[in-house]
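Dear colleague,

My notes on what was found in it follow.

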Amino acid sequence: MTIADKGYQMKAFELRDQTGEKVSSKDIKGKILLAFHPLAFTSVCNDQMRDLENEYDEFTKRGITPLGISVDAHPSKGVWADTLALEKLTILSDFNPKGEVAKDLGVYIEEAGISGRAVVLVDEDGTVLWSKQYEKTQRPDVNEILEAIDSL
């Protein structure tokens, strides 16, 4: 797994969210924070999404839309979002075609058929501004992410 470097031009995407609605990167105003996680319903992924939910307003104050994203199908994303009581955070299904966004940004793990754990910040035109990879068992520190964003 080799995550996209600063300056990489991400392809535009259209994916379904936890409600089944289509979300297009072209329709999102401002920067996008893509928080890749391997699979729904796992403890570290649960905590990662709850952290984004809890700090959602801090991201939006900075003009950033945080999005959770994994290769899980959107119906399971819906059940998971309900389980986590997500009210603000949108979580995307990078399922069809499987892992397309994860592959584009270099975070897809082919042999496992999942994305790795990574955070990628892109501007409105899809240019990578900042990215960081994590071990699958490592929970991203949301304060570290906010500090990195503030330092750009």
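**Backbone, strand pairing and overall form**

Alanine 85 is located in the loop that links α3 (74-84) with β5. Its phi is near 60°, a positive value in a residue other than glycine. Please bear in mind throughout that this is a predicted model.

A second residue of this kind is phenylalanine 41, which has a positive phi of about 65° although it is not a glycine. Phenylalanine 41 belongs to the loop between β3 (31-36) and α1 (43-54).

The peptide bond that joins asparagine 96 and proline 97 is cis, with omega about -5°. Proline 97 sits in the loop between β5 and α4 (100-104).

Strand β5 (residues 90-93) also takes part in the pairing of strands. With strand β1 (residues 14-17) it runs antiparallel, and 2 bridges join the two. Here aspartate 17 stands opposite leucine 92 in β5. With strand β4 (residues 64-70), β5 pairs in the parallel sense, over 4 bridges. In that pairing, leucine 67 is found opposite threonine 90 of β5.

As to the chain as a whole, the protein has 5 helices and 9 strands. Their order along the sequence is β-β-β-α-α-β-α-β-α-β-β-β-β-α.

How does the radius of gyration of the protein chain agree with that of a compact globule? For 152 residues such a globule would have a radius near 15 Å, and the protein chain has 14 Å, which agrees. The C-alpha trace spans about 35 × 30 × 30 Å along its principal axes.

Of the 152 residues, 54% count as buried. Among contacts between residues at least 6 apart in sequence, 66% join residues at least 24 apart.

The accessible surface of the protein chain comes to about 7,400 Å², and carbon and sulfur atoms account for 45% of it.

Yours sincerely

Notes
Residues are numbered from 1 along each chain as its sequence is written. This is a predicted model: local features need pLDDT of at least 70, side-chain atom pairs count only at pLDDT 80 or more; totals for chains, interfaces and linings use all residues. Side-chain values use heavy atoms; hydrogens and water are left out. The radius of gyration is taken over C-alpha atoms; the globule rule is 2.2 Å times the number of residues to the power 0.38. Buried means under 20% relative accessible area, exposed over 50%, partly exposed in between (1.4 Å probe, protein chains only). Contact means heavy atoms within 4.5 Å. Accessible areas come from the Shrake-Rupley method with a 1.4 Å probe; for residues, only the protein chains shown count as cover. Two strands pair if DSSP finds at least two bridges between them.
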